[in-house]
Amino acid sequence: MPNTLTRARPDESRFYYHFIKCGFTNSGTTKVYLPIAGSDDLREDTNPGGDGEKVIMICPFDGSVETIWARSEEDCGSTIIGLHKSTLTAEVPSTTATQTVTVDMGIDDVSYEFDFASAGTNTFAQGNILMFSFDPTNAPNDTHFMIVLKFDVTT
C-alpha cells in the first residue's frame, strides 16, 4: 500500500507514540542526564555540555512528552525528572529544565509515573532538541526509564 499519510488524514492516524527505553547504574545523588539510545556510550552524564551526542535527541515532528516512568532498586526519595528543550542554535539545551515533575520514589523496585501531560509545558516543535534529567534525593543505583513521546506526524 502506498504511503497515503497527509495533513488531510483523520486524527486517528495523525498522532503516533514513540517509546525510549534507557537506564544506568549510579551511586550519586546529583542531577544526571539520561542516555538516549543510539549514542556511542549509553551512560548517564553530569555535564551535557561536552557530551550532547549521549543525551540529546532531535524532534522529527511537533509533539509532546506524555509521561516518563522510572524504577530503581533503591528508595530514591523525592525525585525530579526534568524536560530540557532548546529551540536555539545551541549544542545542548539549558541545564535548567523547561518543565519538571517531582515524585516520591520512596519504595525500591516499584515503577513510578512522572506525568508530564498534566504538568504544563510539555510540548516541542519539529527540529527542537530534547534531553531529560534525573535528580534523586538518595542514590538510585540500578535505574530504568521509559519515556513516552507523542508525535503529530502531519507537521
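# Reading a predicted chain: a dialogue

Of the 155 residues of the chain, 41% count as buried, where buried means under 20% relative accessible area, exposed means over 50% and partly exposed lies in between, with a 1.4 Å probe and protein chains only. This is a predicted model, in which local features need pLDDT of at least 70 and side-chain atom pairs count only at pLDDT 80 or more, while totals for chains, interfaces and linings use all residues. Residues are numbered from 1 along each chain as its sequence is written, and side-chain values use heavy atoms, with hydrogens and water left out.

Q: Which pattern does the chain follow when it is read along the sequence?
A: Helices (H or I, at least four residues) and strands (E, at least two) are DSSP runs, numbered from the N terminus. Here the chain has one helix and 10 strands, and the pattern along the sequence is β-β-α-β-β-β-β-β-β-β-β.

Q: How many residues are in the largest nonpolar core, and which have the most contacts inside it?
A: A nonpolar core is a set of buried Ala, Val, Leu, Ile, Met, Phe, Trp, Tyr and Cys residues joined through side-chain atoms within 4.5 Å. The largest one in this chain has 29 residues, and those with the most contacts inside it are Ile68, Phe114, Phe132, Phe134, Phe145 and Leu149. The elements giving two or more residues to this core are β1 (15-26), β4 (62-72), β5 (77-86), β6 (99-105), β7 (111-115), β9 (129-136) and β10, and the largest share, four residues, comes from β10.

Q: Which residues does Phe114 touch, not counting residues up to four places away in sequence?
A: Contact means heavy atoms within 4.5 Å. With residues up to four places away in sequence not counted, Phe114 touches Thr67, Ile68, Ala70, Thr79, Ile81, Val101, Thr102, Val103 and Met105. For the chain, among contacts between residues at least 6 apart in sequence, 75% join residues at least 24 apart.

Q: Which strand runs antiparallel to β5 and is joined to β5 by seven bridges?
A: Two strands pair if DSSP finds at least two bridges between them. Seven bridges join β5 to β6, and these two strands run antiparallel, with Gly77 standing opposite Met105 in β6. β5 also pairs with β9 in the antiparallel sense, over eight bridges, and there His84 stands opposite Met131 in β9. As for cover, β5 has seven of its 10 residues buried.

Q: How many aromatic pairs does the structure hold?
A: Rings of Phe, Tyr and Trp (its six-membered ring) pair if their centres lie within 6.5 Å, and planes under 30 degrees apart count as stacked, over 60 as edge-to-face and the rest as tilted. The structure holds five such pairs; one of them is formed by Phe124 and Phe151, which are edge-to-face at 6.0 Å centre to centre with 75° between the planes. This pair links distant parts of the chain, with Phe124 in strand β8 (residues 123-124) and Phe151 in strand β10 (residues 141-152), 27 residues apart. Phe124 counts as buried because its relative accessibility is 5%, and Phe151 is buried with a relative accessible area of 8%. Elsewhere, Phe24, Phe134 and Phe145 form one aromatic cluster.

Q: Is Ser13 buried or exposed?
A: Ser13 has its place in the segment before β1, and at 7% relative accessibility this residue counts as buried. Ser13 and Asp152 are 139 residues apart in sequence and 9.1 Å apart in space, C-alpha to C-alpha.
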